Number of protein chains: 2
Amino acid sequence: MSKVESNDPNYSALLEHVRETGYLVSTAALLEWDQQTKMPALASDYRCEQITHLAGLIHQRKTDPRVGEWLDHLADSPLTEDPLSDSGATIRILKREYEKSVKLPAALVMELARAASIGQTKWVEARRENDFEAFAPQLKKIFELKKSEAEAIGYAEVPYDALLDEYEPGAKTSEVAEILEALRGELVPLVTKINESSYRAPVDILSRKFPVDQQRQLGRLASERIGFDYQQGRLDVTHHPFCTEMGPRDCRITTRYDENFFSGSFFGTLHEAGHGIYEQGLRSEYYSLPPGKFCSLGIHESQSRLWENLVGRRFSFWQYFYPEAQSLFQEALGGVSLEDFYRAINHVEPSLIRVEADEATYNLHIIIRFELEQAIINGELDTDDLPEAWNEKYKRYLGIETSEVASGVLQDVHWSAGLVGYFPTYSLGNLYASQIFDAASAQLGNLDAMFQTGEFAPLKNWLNREVHQLGQCLSGPQLGEQVTGNGLSHEALMSHLQQKLVPIYGL
Amino acid sequence: MSKVESNDPNYSALLEHVRETGYLVSTAALLEWDQQTKMPALASDYRCEQITHLAGLIHQRKTDPRVGEWLDHLADSPLTEDPLSDSGATIRILKREYEKSVKLPAALVMELARAASIGQTKWVEARRENDFEAFAPQLKKIFELKKSEAEAIGYAEVPYDALLDEYEPGAKTSEVAEILEALRGELVPLVTKINESSYRAPVDILSRKFPVDQQRQLGRLASERIGFDYQQGRLDVTHHPFCTEMGPRDCRITTRYDENFFSGSFFGTLHEAGHGIYEQGLRSEYYSLPPGKFCSLGIHESQSRLWENLVGRRFSFWQYFYPEAQSLFQEALGGVSLEDFYRAINHVEPSLIRVEADEATYNLHIIIRFELEQAIINGELDTDDLPEAWNEKYKRYLGIETSEVASGVLQDVHWSAGLVGYFPTYSLGNLYASQIFDAASAQLGNLDAMFQTGEFAPLKNWLNREVHQLGQCLSGPQLGEQVTGNGLSHEALMSHLQQKLVPIYGL
């Protein structure tokens with residue numbers, strides 16, 4: 001780790017400028033967090049104006065010509081000698097972001113912001129009314145604008161590359177597609193076998209009565225125990241759970257409680273806490289600068305999935321936590337063995353809703369969205385034909401279908417908010433999580449023995465050191481390679497799923 | 001009420017500029033609200049940077065030379081013909097604020113923002129540790145900066161004028177001092193007589209057990225019933241209660257609960273709701289412009305005091321609410337007569353803590369602070385000598401003293417937050433409240449008959465029309481004169497206190 005500042009006045013000016021932009025970006029994050037969690041009902045119109053205004057100021061600062069001048073002066077600086085050093089990465093990434101920002105006409109940026117804002121309102125209504133037609137024109141408009149965005153930015157092979165790059169810098173559509181196809185190739189037969197198996201996990205126990213106060217208590221306890229620091233974070237309730245940060249020591253996660261379902265809030269809280277542990281593990285002295293920012297959405301998701309699934313659904317994790325859970329939920333779990341509970345939380349079954357899907361089928365939900373949004377952006381599918389294409393793929397990959405668009409193509413907020421190219425990062429996260437967990441196991445020894453006794457700090461500290469503190473110095477693929485010694489592939493995830501599911505379902 | 005916009009391009013440009021500044025001002029209010037209510041403990045340093053940066057941007061916009069140019073172009077515009085019209089007031093007040101802003105160096109503005117943000121953190125620690133020395137250097141710094149501010153702005157008679165003018169535009173220290181001295185002259189003998197009286201109100205009933213959930217319920221019910229709209233507001237818990245707004249439909253109040261004390265949260269909630277009703281009663285189409293902003297802090301406080309004391313401690317108010325209170329607090333109040341409860345909530349007795357003081361002695365707490373901060377700003381007292389000066393005055397005016405700085409000079413947040421010149425507006429508020437309530441009574445008829453049946457809308461609507469919707473078109477004294485037909489004096493308040501307290505204490 002090198003010193004943040006240098007004697008180069010251009011570098012200092014650049015860092016100061018970016019840090020000041022960071023004050024606005026983090027303030028905008030508070031406006032949005034508050035909008036989701038605390039804001040009074042009638043305040044939304046003005047809140048939209050505040051956010052839009054701040055977005056304008058931020059874009060103005062990002063495209064400030066002085067940024068280009070500072071970067072030009074720094075082009076041959078010794079600070080860039082090692083491109084993976086803190087200063088090298090800072091200059092390299094700020095240059096990439098600046099060049100991208102100035103390619104985007106301000107009018108397009110604003111039109112996209114407006115289309116996304118209207119889109120979310122229209123999507124909420126359309127989903128409530130189960131009416132795709134009501135959303136179709138706005139959806140078409142959003143995808144058209146995203147196509148214009150892709151053209152403005154430019155791409156190597158297909159327009160979708162430009163959008164994917166926003167969330168997974170340096171990733172190529174063709175490479176991601178290849179990996180996800182290989183995953184699909186092994187996942188579909190595994191899920192089919194599980195479905196055909198005669199064993200059914202006792203999932204009904206998870207739908208007993210779990211009082212919300214106790215759910216909150218257990219979620220808070222577990223998230224704290226795995227390493228989420230509530231001295232620099234908090235947990236609130238929202239309809240759509242998320243993790244956000246509005247400062248180097250201010251990371252906020254949310255969850256939702258259903259008195260009649262255990263897994264939603266518990267694993268949701270672990271998931272968001274995993275994101276939060278990543279944010280809290282970034283180097284605060286580099287806050288808002290590339291070495292202090294998360295690497296990519298795929299890597300971010302790897303951290304949430306690792307804690308949610310690879311740790312949180314592990315037998316050894318529950319050897320430690322189950323007595324606590326039983327004492328909190330005596331009525332629901334008092335008579336349930338640890339083994340039955342473990343099988344229930346790992347049950348696999350095709351279902352319609354992505355956010356409620358199990359660890360295995362989840363990836364098929366993602367692959368469907370990834371294939372569809374690629375087809376639209378690359379001009380092979382019209383948004384008006386989405387409901388049919390959606391159902392066709394659900395039938396083919398998951399063996400299920402629905403006539404309800406509310407639980408079909410309208411179930412996710414992403415497209416309505418202009419987030420295209422975002423979905424595949426969820427599965428990349430699952431893939432990275434498995435590889436990173438295996439690497440941690442190899443280096444740290446018997447993780448299960450640690451989990452059994454509630455020792456999560458060795459894993460968390462290892463992740464802090466090996467993943468979090470690198471920030472954006474390495475790209476996602478570079479980081480994966482360095483941490484795991486291998487390129488990204490579907491193998492670790494498939495092996496992990498098989499090792500867990502084959503014994504449960506007696507395949 | 002006139003149309004907001006006009007055809008004058010300079011006026012339109014000015015309004016747009018001020019509205020955009022309003023996005024930042026209201027965003028800063030959210031940063032501060034969150035700091036008090038929700039922010040994780042370790043986030044305060046960065047929050048301080050965010051607030052400071054935003055304060056800098058706001059100052060930059062307020063002193064933008066274009067504002068001066070637009071105002072110059074508008075100097076002889078027909079829009080200024082009636083100085084009390086919406087456009088006339090807008091131009092007049094924006095001109096006054098611009099001229100004041102350009103006198104303040106940006107560095108001083110930002111230094112003040114930073115000192116206040118640090119000050120609040122240090123104050124919390126120092127108060128917790130009951131340690132004046134730990135806060136003394138920051139307090140001295142804040143007062144030094146406020147002196148610089150006063151010198152930069154300029155003043156007619158004494159430096160304190162410049163600071164008072166920030167909260168009570170147009171008020172002169174000498175005039176306020178004269179009124180408050182007259183008040184003190186009558187208040188001290190009244191309080192002494194009450195202390196010497198043989199009757200003691202049954203105050204112990206207010207220290208029985210009042211479960212927090214029920215306190216929350218009653219506070220919410222009463223605040224809603226008198227007119228605070230929770231569709232455009234919310235109520236949270238903070239150590240130091242306050243009211244703030246971060247948009248035309250986003251007004252937030254706070255309170256604190258003590259299970260063993262009824263009055264704190266109940267009257268605190270009514271008080272903050274009174275502030276909130278004022279904010280919610282402003283004309284939203286003028287949000288962030290002078291006709292849509294509160295007149296002065298004195299007038300603001302008149303609205304909170306009116307609902308807290310003149311309505312909320314009235315016999316007729318409790319004729320309506322007492323059955324509800326009894327049913328919520330059966331154990332504490334089940335056997336207490338309405339008459340005894342009424343006497344208890346109106347009990348007068350010198351005490352150490354301002355925010356817990358009764359309606360009469362409260363003003364002596366204010367007069368002490370007013371005298372002390374004047375002495376510091378005008379160079380007659382050193383901040384290091386504050387604890388002694390504080391105790392000396394408490395002994396003289398209230399007959400009590402304390403060796404604990406936590407319940408003495410460190411009890412209030414104001415000075416730590418750079419709010420100097422603010423305290424007297426609390427007593428101005430009490431004075432205005434009495435005069436305004438008398439005017440409402442004269443115009444609306446038998447208010448007690450309305451309150452007895454839970455009818456608070458006539459009074460609230462009258463205040464909306466006669467006070468709130470005027471915004472800043474009139475100054476505080478002008479508004480007081482227009483609404484009450486009289487200049488400000490101590491007489492209405494003293495008469496109100498005597499009419500209530502003489503029968504209770506049999507004086």
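In chain A, 37 residues of domain 1 are in contact with 32 residues of domain 2, contact being defined by C-beta atoms, placed from the backbone, that lie within 7 Å. The structure is a predicted model, in which local features need pLDDT of at least 70, side-chain atom pairs count only at pLDDT 80 or more, and totals for chains, interfaces and linings use all residues. Residues are numbered from 1 along each chain as its sequence is written, and chains are lettered from A and ligands numbered from 1 in the order in which they are written.

Domain 1 of chain A spans 9–156 and domain 2 of chain A spans 173–505, with bounds taken from an automatic or database domain assignment. The centres of the two domains, taken over C-alpha atoms, are separated by 26 Å. On the side of domain 1 of chain A that touches domain 2 of chain A, helix 1 of chain A supplies the largest share, 12 residues; helices (H or I, at least four residues) and strands (E, at least two) are DSSP runs, numbered from the N terminus.

Strands of chain A form an open sheet of three strands in the order 1-3-2, with mixed pairing; pairing requires at least two DSSP bridges between two strands. Strand 1 (233–237) and strand 2 (243–245) of chain A are the edge strands. Strand 2 and strand 3 (residues 251–255) of chain A pair in the antiparallel sense over three bridges, and A:Glu245 stands opposite A:Cys251 in strand 3 of chain A.

Conventions. Two residues are in contact if their C-beta atoms, placed from the backbone, lie within 7 Å.
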